[in-house]
Amino acid sequence: MRARLALAASGMVCELREVVLARKPAALLLASPKGTVPVLVLPNGTVLEQSLDIMLYALRQSDPWQWLPSSAQDLSATLALIAQCDGSFKANLDRYKYPNRYALPDGLGDRAEGAVFLQMLNGALATQRFLHGTHFGLADAAIAPFVRQFAHTDLSWFASQPWSALVAWLTAFETSKTYLQVMDKVPTWLEGQSPWRFPAL
């Protein structure tokens with residue numbers, strides 16, 4: 001989701017090939033043997049295999065909405081926050097959402113640990129509307145999809161927590177035009193089939 005968010009924000013147009021990972025097409029494995037998504041194949045043949053790398057690449061080509069921080073210091077702080085999300089918080093999210101995969105009786109311990117990160121985000125959002133600052137940006141786009149997954153694991157519990165600023169931020173994200181565009185369903189791509197254009201006209 002976050003790779004598509006940045007591509008949409010940049011105005012870049014790409015060929016979108018929606019795949020089912022249980023039936024990985026040969027073209028995906030040829031481009032990226034690790035067989036996970038997202039994967040972006042550039043015109044020169046370079047392959048980007050991490051969503052954050054795709055985001056940075058797209059926004060460095062074109063950033064009309066000014067998603068990238070304006071200074072090297074701010075970019076470093078943003079990337080550090082994203083690294084915290086992608087590291088310990090993502091690990092907590094996976095174990096909370098899928099405890100059986102980790103031989104856990106439940107995910108409540110990881111939910112509690114993940115909530116510490118969410119409380120920190122709520123504190124930041126209590127003083128500014130977005131993690132990026134005055135407008136939605138790289139930090140918001142990179143982190144919001146994972147917060148959304150965490151929230152939707154148990155919406156009632158999430159809504160009952162004392163983080164109203166976080167809930168307002170997530171609601172704004174889930175009702176935004178860019179989010180709705182990114183969430184548009186497209187048919188699964190099959191070998192030999194023409195890919196979809198993204199963003200769509």
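Read along the sequence, the protein follows the pattern α-β-α-β-β-α-α-α-α-α-α-α-β, with nine helices and four strands in total; here helices (H or I, at least four residues) and strands (E, at least two) are DSSP runs, numbered from the N terminus. This is a predicted model, in which local features need pLDDT of at least 70 and side-chain atom pairs count only at pLDDT 80 or more, while totals for chains, interfaces and linings use all residues. Residues are numbered from 1 along each chain as its sequence is written, and side-chain values use heavy atoms, leaving out hydrogens and water.

The overall values of the protein are as follows.

| Property | Value |
|---|---|
| Radius of gyration of the protein | 18 Å |
| Box filled by the C-alpha atoms | roughly 50 × 45 × 30 Å, along the principal axes |

A compact globule of 201 residues would have a radius of gyration near 17 Å, so the 18 Å of the protein agrees with that expectation; the radius is taken over C-alpha atoms, and the globule rule is 2.2 Å times the number of residues to the power 0.38. Of the 201 residues, 41% are buried, a term for residues under 20% relative accessible area, judged with a 1.4 Å probe and protein chains only.

Not counting residues up to four places away in sequence, Arg148 touches Met1, Leu170, Glu174, Tyr179 and Met183, where contact means heavy atoms within 4.5 Å. With Tyr179, the side chain of Arg148 also makes a polar contact, side chain to side chain, at 2.8 Å; such a contact is a pair of N or O atoms within 3.5 Å, and within protein one must be able to donate a hydrogen and the other to accept it, while residues adjacent in sequence count only if both atoms are side-chain atoms.

Terms used. Buried means under 20% relative accessible area, exposed over 50%, partly exposed in between (1.4 Å probe, protein chains only).
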